[in-house]
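Biologist: I would like to learn how to read a structure like this one. Could we go through it feature by feature?

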Amino acid sequence: MKPRPRPSTARRLLSGAIGLVVLGLLVFVNRPVVAFGSDALHDFTINRLSYKQKYGHWARLPVPLKFRVNAIHAALLHTGKVLIIAGSGNNREDFEAGTFRTVLYDPGQDRFSEVPTPTDVFCAGHTFLPDGNLLIAGGTKSYEVLEKDITHAAGVMKIKNESPTGGPRVFPRGTRLTAKDGRAYLTRDDVTVPAAIAMKHGDQVMTHAGAAEVWVDAEAAGDASIVDHPAQYAVAGLTGLDQRNIYGLSDKITREKQEYGGDRTSYEFDPRTERYVRTGDMVRSRWYPTLAEMPNGDVLAVSGLDEFGRILPGDNESYVRAKKRWVAAPKLKRVFPTYPGLHLAADGRLFFSGSNSGYGSDTEGRTPGLWDLTNNKFQVVPGLPDARMTETSSSVLLPPAQDQKVMIFGGGEVGESPVSTRRTAIADLDAAKPAYVPGPDLPHPARYLSTVLLPDDTVLTTGGSSGYRGGAYRGQTRSDLFNAQIYRPAGDRFETAAESTVGRNYHSEALLLPDGRVITMGSDPLYDRAGRDPGTFEQRIEVYSPPYLFKGARPVVGAGPGTVQRGAKAEFATPDAGRVRTARLLRPGAVTHVTDVDQRSVALDLTRSAGGVAVTVPKAKGLVPSGWYMLFLIDDKGVPSTGRWIQVR
Ligand SMILES: [Cu+2]
């Protein structure tokens, strides 16, 4: 048989080309179907029970338009509601308009409500008090001004009063101060300068000048008003001896970037009335302070930027609960960067994990260690790998608190740096010489990672970005991380969790809810997707259901007391006593800038009887500070009950 003639080369090429075009068309017309097909498959996969049992499940929380806010702070109140605070929400127009926001979310009723917000609590510090009120102190007095936007030289002026007579002097906003060469500066605020104090030293009388600081702006625009050296200034409108006794002093007046300025207002947020209740002001203005719990239930405010945007040079202060006022703590002078991660240890010391939100010196005060509040001694805790990358990291007291282990996750180099780390490390505070040892690496380098203690002795880690504020990282313009993972201290390893669908970087939060789910919100990218224009604040909220919520019936906590003494036993009815294995007290979180020094999980001694369990609360105040906790009973499959609120006294 004659072989079939082979087609010519030209003919083969032509049919090949036609084939490619047809194939291309087929792919093109089917493109949406292909895409839809993979979405549908993804949807199908993540909604299968077997998948949820292994990885958990994320869901978007529908938020009515009028309750969408820039979530900067979040705290779980003992009423079960989530307090979401924006203040001005890092939005300059809202700040200038005096529009400050707070909303409450009730996960039980799935309802939102608005709370009047008296001042700009944006970037305040907070912690729970023993009675369940949330102490909120500090905030924003002024927004930053970038160098390119500064037209007039400006700086801090100290006005001194050497006259012991005539009382304090009040200088209204706009008061003019002039240098010897005639350059003039105007005060930005009213300022009251105390009178001098005359003191007898032996037979000599010494005068200690009164002084107050105020911000001044040059009267004339441009560089001519820059002063790069300390100088004295005359205050306009003074006559007679006052001209000699009252004067201004300034180190320098520049056109450098002006940082955000701190505020000194302080509130107790009352979960019962759902209102901010003003307390005495702080001694210092603070932007980005950490409010750390002291063993006696009082609170220490640490670090922050002052009203002029300067890092506080170690001036800390304490809140006297009984009097609802703040007093300076000169004996506890110690420098920390802003929002330091300070965890209360069982022995009453505060452990500084190294986690912080930056500002100030890039070396001073950044070393992790144990801070003894009885004598201001600081014991360095060495061994942290990537020790320069603690900024924008997060840290937790691992569950259970009795283990006294603190873990640090990720973080970046100082400032607007593109460098970040996958490093985790764990410090055992009970060791004879506590030191950090490396933990398992995160899947990706991460800043702003949210870390949430779960009742089954694990830690959910979610969100974060590899780049600064979600921005450029290794050739990509955006670097939000969608992967989540659960750290299991018992095995010292991460387990993959389902992926979230919303990127969360700077100004994002996550909290454990009483029903065992985790709510995540916020994110404040510096740039948009293209990496050119300013980013938009993320107002969507997600809720993560961990695998334990898909593993069958949950243990039930029945009748029991609402309060329990430290060191005492309490009995709770439960039909599931036979399968309950552990009991935990979870202290509710209060988080901002991925700093949450409140959350902790305390193991309770457990005895089982028919129809109930008896639990014993540990004695140490440093282990179980007074306050409201969620009691979880956890069964043999690691499934927790819903949290029952009890107050530990
Ligand atoms: Cu901030």
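**Pockets, a copper site and a strand**

Modeller: Start with the second largest pocket, which 29 residues line; G155, V156, W215, F308 and R310 are the ones nearest its centre. Among the elements, β8 (140-142), β9 (154-161), β16 (210-218) and β18 (246-250) each give two or more residues to that lining. Keep in mind that this is a predicted model.

Biologist: Which element gives the most to the lining of the second largest pocket?

Modeller: β9 does, with 4 residues. By class, the lining of this second largest pocket holds 10 nonpolar, 7 polar and 12 charged residues.

Biologist: How much space lies in the second largest pocket, and how much in the largest pocket?

Modeller: The general idea is that a probe the size of a water molecule, rolled over the atoms, shows where empty space is left. Here the second largest pocket has about 860 Å³ of space, and the largest pocket about 1,100 Å³. The largest pocket is lined by 43 residues, with N90, E144, Y260, R469 and L526 lying nearest its centre. Its lining counts 17 nonpolar, 12 polar and 14 charged residues.

Biologist: Now the metal. Which residues coordinate the copper ion?

Modeller: Y288 through OH, and H507 and H593 each through NE2, at 1.9 to 2.0 Å. Along the sequence, these donor residues follow the spacing Y-x218-H-x85-H. Y288 and H593 link distant parts of the chain, being 305 residues apart. Y288 sits in the loop between β21 (275-278) and β22 (290-293), whereas H593 is in the loop between β44 (590-592) and β45 (600-603).

Biologist: Are Y288 and H593 buried or exposed?

Modeller: Both Y288 and H593 are buried.

Biologist: Which strands pair with β35?

Modeller: Strand β34 (residues 450-454) runs antiparallel to β35 and is joined to it by 5 bridges. In that pairing, S450 stands opposite T462. The two strands form a hairpin with 3 residues between them, and D457 in the turn has a positive phi of about 65°. β35 also pairs with strand β36 (residues 484-488), in the antiparallel sense over 3 bridges. There V459 stands opposite Y487.

Terms used
Residues are numbered from 1 along each chain as its sequence is written. This is a predicted model: local features need pLDDT of at least 70, side-chain atom pairs count only at pLDDT 80 or more; totals for chains, interfaces and linings use all residues. Side-chain values use heavy atoms; hydrogens and water are left out. Donors are N, O and S atoms within 2.8 Å of the metal (3.2 Å for Na, K and Ca); water is not among the atoms, so sites may look incomplete. Buried means under 20% relative accessible area, exposed over 50%, partly exposed in between (1.4 Å probe, protein chains only). On a 1 Å grid over the protein atoms alone, a cavity is a set of points where a 1.4 Å probe fits but cannot get out, and a pocket is an open set with protein on both sides within 12 Å along at least five of seven lines; lining residues have an atom within 4 Å of a point. Grid points are joined across faces, edges and corners, and a volume is the space filled by probe spheres set on the points. Ala, Val, Leu, Ile, Met, Phe, Trp, Tyr, Cys and Pro count as nonpolar, Asp, Glu, Lys and Arg as charged, and the others, Gly among them, as polar. Two strands pair if DSSP finds at least two bridges between them.
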